[in-house]
Structures are given as C-alpha cells and as structure tokens.
Amino acid sequence: MRGCHVHDCTQAGVLVAEEGTGASLEDCQLTSNGKSGLCVQEGAYGEATACVMAGNAEYGACFIDEQSGGALERCDLRGNTKGAVSLEDGAREHNVRRRD
C-alpha cells in the first residue's frame, strides 16, 4: 500500500496475519485506531517505510509471536497510548529491523 490513510478502525489499522503472508506500506498514515496502527502476527511479515503511526489506542506497531517479523524504517511512531512498538508472545527484537 502506498499513500493510504487508515484511521478510526475498532481494532488494528492494518492486520497482517497468517504464516507466509506479508504487507509493505510506504508513506501511509495509520492513526487513531482502536488497537495498534500495524499488527503483525501468526508468522507474517510487515514492512513500513516513511509511515506515520500515531494516536493509536495501543502501539504504533505490534509484532506477536516468535515467527512474526518486519521492518520499520523512517516511521513516526510517537503519540500512541502504550508506546511506539510492542513485541508480544515470544516476538523477538532481532526479527524486527528498525531505522529512524
């Protein structure tokens, strides 16, 4: 997805779930969502470049389980209620590449 504005969803703005699936976001805004802006789980891969993930009720981005991973490059992850990024249920820091 490129240049999209996903906002005011009751759950995550963008959910990437199921092993072998992936999503690539560029210059998108994921704001004011009921959970996180981007949620990656169940062995999926999510990549965001130059995106704004702000004002979400939980995190800018969350990665759930040890098989899930992704990359966050030059993203604005400020202003989310619980923080910028969450690694849950065994998700590992080395599976998620971050560059400011």
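This note sets out, in numbered points, the sheets, core, cavity and selected residues of a predicted model.

1. Basis of the note. The model is predicted, and local features need pLDDT of at least 70, side-chain atom pairs count only at pLDDT 80 or more, and totals for chains, interfaces and linings use all residues. Residues are numbered from 1 along each chain as its sequence is written, and side-chain values use heavy atoms, with hydrogens and water left out.

2. First sheet. Strands here are DSSP runs of E with at least two residues, numbered from the N terminus, and two strands pair if DSSP finds at least two bridges between them. Four strands in the order 2-5-7-9 form an open sheet with parallel pairing. Strand 2 and strand 9 (83-88) are its edge strands, each pairing on one side only. From one strand to the next, the twist averages 5 degrees; axes are lines fitted to C-alpha atoms, and angles run from 0 to 180 degrees between N-to-C directions. Strand 2 pairs with strand 5 in the parallel sense over four bridges, and V16 stands opposite V40 in strand 5.

3. Strand 8 (residues 69-73) and strand 10 run parallel and are joined by four bridges; A71 has R97 as its bridge partner in strand 10. As background, strands of a sheet pair through backbone hydrogen bonds, either parallel or antiparallel.

4. Nonpolar core. A nonpolar core is a set of buried Ala, Val, Leu, Ile, Met, Phe, Trp, Tyr and Cys residues joined through side-chain atoms within 4.5 Å. Buried means under 20% relative accessible area, exposed over 50%, and partly exposed in between (1.4 Å probe, protein chains only). The largest such core has 19 residues, and L38, M53 and L72 have the most contacts inside it. Strand 2 (14-17), strand 5 (38-41) and strand 7 (59-64) each supply at least two residues of this core. Contact means heavy atoms within 4.5 Å.

5. Cavity. A cavity is a set of points on a 1 Å grid over the protein atoms alone where a 1.4 Å probe fits but cannot get out, and lining residues have an atom within 4 Å of a point. The largest cavity has a volume of about 30 Å³, a volume being the space filled by probe spheres set on the points. Its lining consists of L72, C75, L77, R98, R99 and D100.

6. Residue Q29. This residue lies in strand 4 (residues 29-31) and counts as partly exposed because its relative accessibility is 38%. Q29 and V6 are 23 residues apart along the chain, with their C-alpha atoms separated by 6.1 Å. Leaving aside neighbours within four places in sequence, Q29 is in contact with C4, H5, V6 and V52.

7. Positive phi values. Most residues other than glycine have a negative phi. D8, in the loop between strand 1 (5-7) and strand 2, has a positive phi near 60 degrees. D65, in the loop between strand 7 and strand 8, has a positive phi near 90 degrees. D8 counts as exposed because its relative accessibility is 53%, whereas D65 is buried, with a relative accessible area of 17%.

Terms used: 1 Å grid on protein atoms, 1.4 Å probe; cavity = no way out; pocket = protein on both sides within 12 Å on 5 of 7 lines; lining within 4 Å.
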